[in-house]
Amino acid sequence: MVVDNKATITYVQLLKEDLVIIRLVPKDSPVPDYQPGQFITLGLPNPLEGGKIVRRAYSIASHPENRKYVELVIRWVRKPLPGRLTTQLFNAKEGDEILWLKPTGRALLINETLPNGEKDNRRIVCIGGGTGLAPFVSFAQHLHDIGDKREIIVLQGASYVDELSYKELLTELENDSIARGKDQWNFKYRAAISRPQEWFNRSWAGQVGRVETFLRP
Ligand SMILES: Cc1cc2nc3c(=O)[nH]c(=O)nc-3n(C[C@H](O)[C@H](O)[C@H](O)COP(=O)(O)OP(=O)(O)OC[C@H]3O[C@@H](n4cnc5c(N)ncnc54)[C@H](O)[C@@H]3O)c2cc1C
């Protein structure tokens, strides 16, 4: 039988009508151990299903060294029908209780050494869009905290500027790289907007097109 743990939602940041960042703090235990790239399962009893607990997986955007909370970025699934858990999550408030199962899934692991035993100094490039960026946000913060000296580049793609979740956090990581020097922390963040012609994106002066355009020679 599945035994759900309890947590309190301590932070809700609505980035846009269908994109939210939430933080959870476990009620009866410390923040669980996890590795960048893993997901946590959230659950809530669904009143439309007689109180049956609906559980879904969410990639963890916070990093293992952060022992204060677990952070997630969640898209409200609305079509063709409102998603069962996300609709409830988008109605949740700070202070509400939520159920969780311990983090699991494949971690983002990068070898320290090459097969020949030499140190692996190759550049690390993380490419993602939408909520798919979450594992890389976790990974980048983790690499920062452990003092990884390799060059790390995070490339983010979005249709609209307000979907660039974590733009500020990733820009801060880049600013830290500029301030401390690349020999200490070598990090770059770049974003691409795929619908630059739309009025909502009129302020965008950065890369345009899909995120893969960064990879074109
Ligand atoms: C490893 C992993 C990591 C993930 N990480 C994230 C993450 O970081 N952020 C994130 O936002 N999501 C993530 N997801 C997706 C997440 O787990 C959920 O699938 C998502 O939030 C939708 O859940 P829901 O209960 O709201 O939707 P559901 O109720 O499961 O609905 C899913 C889809 O089916 C449709 N549907 C439902 N009922 C019907 C019906 N009767 N007829 C026709 N269509 C129907 C809905 O409209 C919707 O499009 C991840 C998934 C996995 C497996």
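Glu17 is located in the loop that joins β1 (5-16) to β2 (19-26), strands being DSSP runs of E with at least two residues, numbered from the N terminus. The model is predicted: local features need pLDDT of at least 70, side-chain atom pairs count only at pLDDT 80 or more, and totals for chains, interfaces and linings use all residues. Residues are numbered from 1 along each chain as its sequence is written, and side-chain values use heavy atoms, with hydrogens and water left out.

**Exercise 1.** Determine whether Glu17 is buried or exposed, and identify its contacts.

*Solution.* Step 1: Glu17 counts as exposed because its relative accessibility is 53% (buried is under 20%, exposed over 50%, partly exposed in between; 1.4 Å probe, protein chains only). Step 2: apart from neighbours within four places in sequence, Glu17 is in contact with Trp76, Arg78 and Phe90 (heavy atoms within 4.5 Å).

**Exercise 2.** Describe the interface of domain 1 and domain 2.

*Solution.* Step 1: the domain assignment gives domain 1 (5-104) and domain 2 (124-215), with bounds from an automatic or database assignment. Step 2: the contact takes 19 residues from domain 1 and 16 residues from domain 2. Step 3: about 1400 Å² is buried between the two domains, 59% of it from carbon and sulfur atoms; buried area is the accessible area (1.4 Å probe) that two parts lose on being put together, summed over both. Step 4: the rule finds three salt bridges across this interface (a side-chain nitrogen of Lys or Arg within 4 Å of a carboxyl oxygen of Asp or Glu). Step 5: Lys16 forms a salt bridge with Asp162, with the closest N and O atoms 3.4 Å apart.

Methods
Helices (H or I, at least four residues) and strands (E, at least two) are DSSP runs, numbered from the N terminus.
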